Amino acid sequence: QGNYDKAVETYELALNVIKAIQGTENHPDVAKAFRDLARFCFVRKNYDKAREYCQSALTIQRTIYGMDEHPNVAITLNNLAVILDSQGDHSQACDICERALHIQKRLNGEEKRASVALCLSIMAKACAYDHRLEDAFKLYEQALDIYKAVYNQAHLRVAETMNNLAIICKLRGDYQQ
(Lines give C-alpha, C1' and ligand atoms only; values in the text may rest on other atoms or scores of the structure.)
Protein backbone atom coordinates (compact mmCIF):
# COMPACT_ATOMS: atom_id res chain seq x y z
CA GLN A 1 0.00 0.00 0.00
CA GLY A 2 2.85 2.38 0.77
CA ASN A 3 4.25 1.97 -2.75
CA TYR A 4 0.87 2.78 -4.27
CA ASP A 5 0.52 5.98 -2.26
CA LYS A 6 4.07 7.01 -3.20
CA ALA A 7 3.39 6.27 -6.89
CA VAL A 8 0.24 8.41 -6.91
CA GLU A 9 2.10 11.17 -5.11
CA THR A 10 4.86 11.00 -7.74
CA TYR A 11 2.33 11.02 -10.60
CA GLU A 12 0.60 14.05 -9.09
CA LEU A 13 3.93 15.83 -8.66
CA ALA A 14 4.72 15.13 -12.32
CA LEU A 15 1.31 16.53 -13.26
CA ASN A 16 2.08 19.77 -11.41
CA VAL A 17 5.47 20.02 -13.14
CA ILE A 18 3.82 19.54 -16.55
CA LYS A 19 1.27 22.25 -15.73
CA ALA A 20 4.08 24.61 -14.70
CA ILE A 21 6.12 23.89 -17.82
CA GLN A 22 3.15 24.34 -20.15
CA GLY A 23 1.93 27.42 -18.28
CA THR A 24 -1.68 26.29 -18.52
CA GLU A 25 -4.04 23.56 -17.44
CA ASN A 26 -5.50 23.33 -20.95
CA HIS A 27 -2.68 21.53 -22.72
CA PRO A 28 -2.56 18.06 -24.32
CA ASP A 29 0.33 17.01 -22.03
CA VAL A 30 -1.73 17.88 -18.96
CA ALA A 31 -4.68 15.88 -20.31
CA LYS A 32 -2.35 12.95 -20.99
CA ALA A 33 -0.97 13.13 -17.45
CA PHE A 34 -4.52 13.03 -16.06
CA ARG A 35 -5.33 10.09 -18.33
CA ASP A 36 -2.18 8.25 -17.18
CA LEU A 37 -3.13 8.89 -13.55
CA ALA A 38 -6.61 7.55 -14.25
CA ARG A 39 -5.18 4.41 -15.81
CA PHE A 40 -2.89 3.84 -12.83
CA CYS A 41 -5.73 4.31 -10.35
CA PHE A 42 -7.96 2.00 -12.39
CA VAL A 43 -5.38 -0.78 -12.31
CA ARG A 44 -5.20 -0.33 -8.54
CA LYS A 45 -9.04 -0.56 -8.43
CA ASN A 46 -9.38 2.98 -7.11
CA TYR A 47 -12.28 3.61 -9.48
CA ASP A 48 -13.54 6.84 -7.93
CA LYS A 49 -10.15 8.52 -8.29
CA ALA A 50 -9.71 7.03 -11.78
CA ARG A 51 -13.07 8.46 -12.78
CA GLU A 52 -12.13 11.89 -11.39
CA TYR A 53 -8.82 11.98 -13.28
CA CYS A 54 -10.42 10.70 -16.47
CA GLN A 55 -13.11 13.38 -16.31
CA SER A 56 -10.40 16.03 -15.80
CA ALA A 57 -8.60 14.78 -18.91
CA LEU A 58 -11.85 14.82 -20.86
CA THR A 59 -12.66 18.38 -19.81
CA ILE A 60 -9.25 19.59 -20.96
CA GLN A 61 -9.43 17.68 -24.24
CA ARG A 62 -12.87 19.07 -25.04
CA THR A 63 -11.60 22.58 -24.34
CA ILE A 64 -8.63 22.06 -26.65
CA TYR A 65 -10.14 19.96 -29.44
CA GLY A 66 -13.86 20.65 -29.28
CA MET A 67 -16.63 18.54 -27.78
CA ASP A 68 -16.29 15.41 -29.89
CA GLU A 69 -13.88 16.29 -32.67
CA HIS A 70 -10.68 14.43 -31.85
CA PRO A 71 -9.50 10.81 -31.47
CA ASN A 72 -8.10 11.58 -28.00
CA VAL A 73 -11.60 12.53 -26.85
CA ALA A 74 -12.86 9.15 -28.09
CA ILE A 75 -10.04 7.33 -26.28
CA THR A 76 -10.76 9.15 -23.03
CA LEU A 77 -14.49 8.47 -23.40
CA ASN A 78 -13.63 4.78 -23.87
CA ASN A 79 -11.50 4.85 -20.72
CA LEU A 80 -14.28 6.56 -18.77
CA ALA A 81 -16.79 3.97 -19.98
CA VAL A 82 -14.53 1.13 -18.80
CA ILE A 83 -14.27 2.77 -15.37
CA LEU A 84 -18.04 3.26 -15.14
CA ASP A 85 -18.63 -0.31 -16.27
CA SER A 86 -16.26 -1.55 -13.55
CA GLN A 87 -18.25 0.47 -11.02
CA GLY A 88 -21.45 -1.23 -12.17
CA ASP A 89 -22.86 1.83 -13.92
CA HIS A 90 -23.54 -0.08 -17.14
CA SER A 91 -26.18 2.29 -18.47
CA GLN A 92 -23.98 5.39 -18.29
CA ALA A 93 -21.02 3.37 -19.63
CA CYS A 94 -23.18 2.39 -22.61
CA ASP A 95 -24.18 6.00 -23.28
CA ILE A 96 -20.56 7.13 -23.20
CA CYS A 97 -19.53 4.26 -25.48
CA GLU A 98 -22.13 5.31 -28.00
CA ARG A 99 -20.57 8.79 -28.08
CA ALA A 100 -17.06 7.35 -28.40
CA LEU A 101 -18.22 4.98 -31.12
CA HIS A 102 -19.83 7.85 -33.03
CA ILE A 103 -16.56 9.83 -32.91
CA GLN A 104 -14.48 6.85 -33.99
CA LYS A 105 -16.75 6.01 -36.90
CA ARG A 106 -16.88 9.63 -38.02
CA LEU A 107 -13.08 9.92 -37.91
CA ASN A 108 -12.12 6.42 -39.11
CA GLY A 109 -15.09 5.21 -41.12
CA GLU A 110 -15.82 1.52 -40.79
CA GLU A 111 -12.17 0.62 -40.16
CA LYS A 112 -11.92 -2.25 -37.71
CA ARG A 113 -10.25 -1.13 -34.49
CA ALA A 114 -9.97 -2.75 -31.09
CA SER A 115 -11.32 0.42 -29.47
CA VAL A 116 -14.53 0.05 -31.50
CA ALA A 117 -14.85 -3.57 -30.39
CA LEU A 118 -14.35 -2.51 -26.78
CA CYS A 119 -17.19 0.01 -27.12
CA LEU A 120 -19.43 -2.65 -28.64
CA SER A 121 -18.59 -5.08 -25.81
CA ILE A 122 -19.40 -2.54 -23.11
CA MET A 123 -22.66 -1.71 -24.87
CA ALA A 124 -23.46 -5.43 -25.15
CA LYS A 125 -22.85 -5.88 -21.43
CA ALA A 126 -25.21 -3.00 -20.66
CA CYS A 127 -27.87 -4.56 -22.91
CA ALA A 128 -27.45 -7.90 -21.14
CA TYR A 129 -27.92 -6.22 -17.75
CA ASP A 130 -31.09 -4.61 -19.14
CA HIS A 131 -32.28 -8.08 -20.30
CA ARG A 132 -32.06 -7.02 -23.95
CA LEU A 133 -30.39 -10.27 -24.92
CA GLU A 134 -30.90 -10.01 -28.69
CA ASP A 135 -29.23 -6.60 -28.76
CA ALA A 136 -26.42 -7.90 -26.54
CA PHE A 137 -25.89 -10.88 -28.83
CA LYS A 138 -25.67 -8.71 -31.97
CA LEU A 139 -23.23 -6.30 -30.35
CA TYR A 140 -21.01 -9.13 -29.08
CA GLU A 141 -21.03 -10.65 -32.58
CA GLN A 142 -19.87 -7.36 -34.07
CA ALA A 143 -17.17 -7.05 -31.41
CA LEU A 144 -16.02 -10.61 -32.07
CA ASP A 145 -15.77 -9.94 -35.80
CA ILE A 146 -13.57 -6.92 -35.15
CA TYR A 147 -11.40 -8.65 -32.55
CA LYS A 148 -10.78 -11.53 -34.96
CA ALA A 149 -9.80 -9.07 -37.69
CA VAL A 150 -7.55 -7.00 -35.43
CA TYR A 151 -5.93 -9.85 -33.50
CA ASN A 152 -6.24 -13.53 -34.27
CA GLN A 153 -8.22 -16.50 -33.03
CA ALA A 154 -5.86 -17.16 -30.10
CA HIS A 155 -6.28 -13.81 -28.36
CA LEU A 156 -7.75 -13.11 -24.93
CA ARG A 157 -10.28 -10.58 -26.26
CA VAL A 158 -11.53 -13.13 -28.82
CA ALA A 159 -11.90 -15.77 -26.10
CA GLU A 160 -13.65 -13.37 -23.70
CA THR A 161 -16.10 -12.27 -26.37
CA MET A 162 -16.83 -15.85 -27.40
CA ASN A 163 -17.48 -16.66 -23.75
CA ASN A 164 -19.83 -13.68 -23.46
CA LEU A 165 -21.71 -14.88 -26.56
CA ALA A 166 -22.05 -18.30 -24.99
CA ILE A 167 -23.46 -16.76 -21.80
CA ILE A 168 -26.01 -14.78 -23.82
CA CYS A 169 -27.00 -17.97 -25.69
CA LYS A 170 -27.46 -19.75 -22.37
CA LEU A 171 -29.57 -16.90 -20.99
CA ARG A 172 -31.72 -17.01 -24.12
CA GLY A 173 -32.09 -20.77 -23.77
CA ASP A 174 -30.39 -21.19 -27.13
CA TYR A 175 -28.25 -24.24 -26.48
CA GLN A 176 -27.86 -25.06 -30.20
CA GLN A 177 -25.71 -22.02 -30.90
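**Rings, cysteines and a surface patch**

Trainee: Is Cys169 buried or exposed?
Mentor: This is a predicted model. Cys169 has 6% relative accessibility. The limit for burial is under 20%, so Cys169 counts as buried.

Trainee: Which cysteine has the sulfur nearest to that of Cys169?
Mentor: Cys169 is in no disulfide. A disulfide needs two cysteine sulfur atoms within 2.5 Å. Here the nearest cysteine sulfur is 15 Å away, and it belongs to Cys127.

Trainee: What is the relative accessibility of Cys41?
Mentor: Cys41 counts as buried. That class takes residues under 20%. The value for Cys41 is 0%.

Trainee: How far from Cys41 is the nearest cysteine sulfur?
Mentor: The sulfur in question is that of Cys54. Cys41 is in no disulfide. The distance is 11 Å.

Trainee: Now the rings. How many aromatic pairs does a search of the whole structure find?
Mentor: Ring centres must lie within 6.5 Å to pair. The search of the whole structure gives four.

Trainee: How far apart in sequence are the parts that Tyr11 and Phe40 tie together?
Mentor: Tyr11 lies in helix α1, residues 2-22. Phe40 lies in helix α2, residues 28-43, so the pair ties together parts separated by 29 residues.

Trainee: What kind of pair do Phe42 and Tyr47 form?
Mentor: Their ring centres are 5.3 Å apart. The planes meet at 50°. Under 30 degrees would be stacked and over 60 edge-to-face, so this pair is tilted.

Trainee: Which class of accessibility does Phe42 fall into?
Mentor: Phe42 has 25% relative accessibility. Buried needs under 20%, and exposed needs over 50%. Phe42 is therefore partly exposed.

Trainee: Which residue lies over the face of Phe137?
Mentor: Look at the ring centre of Phe137. The distance from that centre is 4.2 Å. The residue over the face is Arg172.

Trainee: What accessible area does the patch of Leu13, Val17 and Ile21 have together?
Mentor: This patch is nonpolar and lies on the surface. Ile21 sits in helix α1. Ile21 is exposed, at 63% relative accessible area. Together, the patch residues have about 310 Å².

Terms used: Residues are numbered from 1 along each chain as its sequence is written. This is a predicted model: local features need pLDDT of at least 70, side-chain atom pairs count only at pLDDT 80 or more; totals for chains, interfaces and linings use all residues. Side-chain values use heavy atoms; hydrogens and water are left out. Rings of Phe, Tyr and Trp (its six-membered ring) pair if their centres lie within 6.5 Å; planes under 30 degrees apart count as stacked, over 60 as edge-to-face and the rest as tilted. Helices (H or I, at least four residues) and strands (E, at least two) are DSSP runs, numbered from the N terminus. Buried means under 20% relative accessible area, exposed over 50%, partly exposed in between (1.4 Å probe, protein chains only). A charge sits over a ring if NZ of Lys or CZ of Arg is within 6 Å of the ring centre and within 35 degrees of the ring normal. Patches are made of residues with over 30% relative accessible area and no salt bridge: like charges are joined within 9 Å, nonpolar side chains (Val, Leu, Ile, Met, Phe, Trp, Tyr) within 5 Å. Accessible areas come from the Shrake-Rupley method with a 1.4 Å probe; for residues, only the protein chains shown count as cover. A salt bridge is a side-chain nitrogen of Lys or Arg within 4 Å of a carboxyl oxygen of Asp or Glu.
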